[in-house]
Amino acid sequence: MSTAQEGPRLVRWRHEEQVLSALRSRGAMRRAELASAVGLSRTTLSEIVTDLIHRGAVRIVDTDAVDRRGSGRPAELLSLDPRAGQFLGIDLAHAAVHVAIIDASHEVIAERQRPIASDAPWRDRIATALRIIDDIEAEGTRFDALQGVGVGLPGSHSSAWSIDHPRARRNSDEAREAVRREIERRFGLTPMLDVNTRLAALAQAVHSGEPEKELIYLRVADGIGGGVVVGGRLIHGAAGLAGEFGHVTVRRDGRRCRCGKRGCLETVASVPAVLESCRERGLDLAGPEDLGRAADCADPVLEEVLRESGTAVGHVLATTVLALNPTDIVVGGVLPRIAPVFLDQVSSTITFEVHPIDGARPRVRSSEVTDSGGAMGAIVALLHRTSLLADYPGGLDGPSSPTREGDHHVR
């Protein structure tokens, strides 16, 4: 879609954020004051404010109707009403459960995470998410204004589905149904479901402030996955596999991958793969904490492994760069956060691969979105307010009204 077609939706999203930000920082304001603060015309502001009032994010707290003389609309004093709406995002990642909640003013109410075994059964994963929610509620957050729930799930070949590849599809379908059933039982809402790393890519694109740009997002953690934004659109793919970078083959004779192949990127550059490579070379690291300490000490064995892993990631991303020509590549997850040498190697490898071709070199950077990016991306999808989701499968670009149990809905 052309920039001219995408423009109005992107502009509206930014204007809404400006209005919410002004009310958040300055408190209650009259329309004229608000228009001046955000630099919008009265007509544009009226459209934005009317929609926010309808959605419950903004309320009219006073007018001058009693004392007003003459004709014209009474001057209204506008204020945020964050209690009027909440959105809940859950990321059931490989080895952790992340939960995030925002209110109607887009302020984060709470973020929590808990580790979980990568092969934990789904009843334990769902139970962990619900326990986190119960803890948040016990701390004083009520969910009586909940408008929607979004859940990020591991990619198609995660060990969370099955270590037996032929059964993975059946198990993933059963797990999705279990998630849907438990959320409906707990909240009376039908959840929006999608791949967690793709939702994290959505959160990253919106967080960047330039969602219309071409962007590739890759997350390196217990697994490797990502998302692709092309032409201002989050790409899903014919079978929902867009962004499965972790299963690109990088070593023909490499380790066996959970997808059934050998030498996938996940077997070289995921956190478990890096730890295994270090152990094979005599450096025994128990987990990410040890890995972080070794990175701080510039351990030579770890640095060698990280450079090899970063090179493999760089090769995969360089191929994608030449296919899609993105403006930005964003790498998230554990490794780029605790080991800058890893991201440096990714960047230098991409530069080496694409430098002879004018205009091919993207900006490579670490993600500003935390590990709860999948949960926050689920919330962004629930808000239905970004053109990144236009024409996206599952009806995510449809009306923003919640789907309560028993209502007709589109999934």
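Predicted model: local features only at pLDDT ≥ 70, side-chain atom pairs only at ≥ 80, totals over all residues.

**A chat about sheets, helices and salt bridges**

Reader: Okay, let's start with the sheets. In what order do the strands of the sheet with β9 come?

Author: That open sheet has five strands in the order β11-β10-β9-β12-β13, and the pairing is mixed. The edge strands are β11 (233-234) and β13 (363-366), each of which pairs on one side only.

Reader: Which way do β9 and β12 run, parallel or antiparallel?

Author: Parallel. Six bridges join β9 (residues 215-220) to β12 (residues 328-333). If you want a spot to look at, Arg219 stands opposite Gly332 in β12.

Reader: And how do β9 and β10 pair?

Author: Those two are antiparallel, again over six bridges. They form a hairpin, with three residues between the two strands. Here you can look at Leu218, whose bridge partner in β10 is Gly226.

Reader: Why is β9 described as largely enclosed?

Author: Because six of its six residues are buried, β9 is largely enclosed by the rest of the structure. Leu215, Tyr217 and Arg219 point one way from the strand, while Ile216, Leu218 and Val220 point the other way.

Reader: Which strands does α10 lie across?

Author: Helix α10 (residues 300-324) lies across β9, β10 and β12, running at about 160° to β9. Helix α6 (residues 196-207) lies across β9, β10, β11, β12 and β13, at about 130° to β9.

Reader: What else does α6 lie across?

Author: It also lies across β4, β7 and β8, and there α6 runs at about 95° to β8. Those strands belong to an open sheet of five strands with the order β6-β5-β4-β7-β8, where the pairing is mixed.

Reader: Which strands stand at the edges there?

Author: β6 (108-115) and β8 (192-195) do; each has a single partner strand, so one side of each is left without a neighbour in the sheet. On average, neighbouring strands of this sheet are turned by 15° against each other, ignoring direction.

Reader: How many bridges pair β4 with β7?

Author: Six bridges pair β4 (residues 86-92) with β7 (residues 146-153), in the parallel sense. In that pairing, Phe87 stands opposite Gly148 in β7.

Reader: Switching to helices. How far does α4 reach?

Author: Helix α4 (residues 122-138) has 17 residues and reaches 24 Å from its first C-alpha to its last, close to the 24 Å expected at 1.5 Å a residue. The helix lies across β4, β5 (96-103), β6 and β7, and runs at about 40° to β5.

Reader: Which residues of α4 are buried?

Author: They are Trp122, Arg125, Ile126, Thr128, Ala129, Leu130, Ile132, Ile133 and Ile136. Just after α4 you come to Gly140, which takes a positive phi of about 120°.

Reader: New topic! How many salt bridges are there in the whole structure?

Author: A search finds 20. One of them joins the side chains of Arg186 and Asp134, at 3.1 Å from N to O. Arg186 lies in helix α5 and Asp134 in helix α4, so this pair ties together parts that are 52 residues apart in sequence.

Reader: How exposed are those two?

Author: Arg186 counts as partly exposed at 24% relative accessibility, and Asp134 is partly exposed at 37%.

Reader: Which side chain does Glu182 meet in a salt bridge?

Author: Glu182 meets Arg185, at 2.9 Å from N to O. They are three residues apart in helix α5, which means about one helical turn separates them. Glu182 is partly exposed at 21%, whereas Arg185 is exposed at 56%.

Reader: Last one: which residues are linked in a network of salt bridges?

Author: Arg251, Arg281, Glu304 and Glu308 are. Within it, the closest N and O atoms of Glu308 and Arg281 are 2.6 Å apart. Glu308 lies in α10 and Arg281 in the loop between α8 (271-280) and α9 (288-296), so the pair ties together parts 27 residues apart in sequence.

Conventions
Residues numbered from 1 in each chain as written. Heavy atoms only, no water. Helix = DSSP H or I, 4+ residues; strand = E, 2+ residues; numbered from the N terminus. Expected span 1.5 Å × (residues − 1). Buried < 20%, exposed > 50% of the residue type's maximum accessible area, 1.4 Å probe, protein only. Pairing = 2+ DSSP bridges. Contact = heavy atoms within 4.5 Å. Axes fitted to C-alpha atoms, helices over the stretch in contact; angles between N-to-C directions. Salt bridge = Lys/Arg side-chain N within 4 Å of Asp/Glu carboxyl O.
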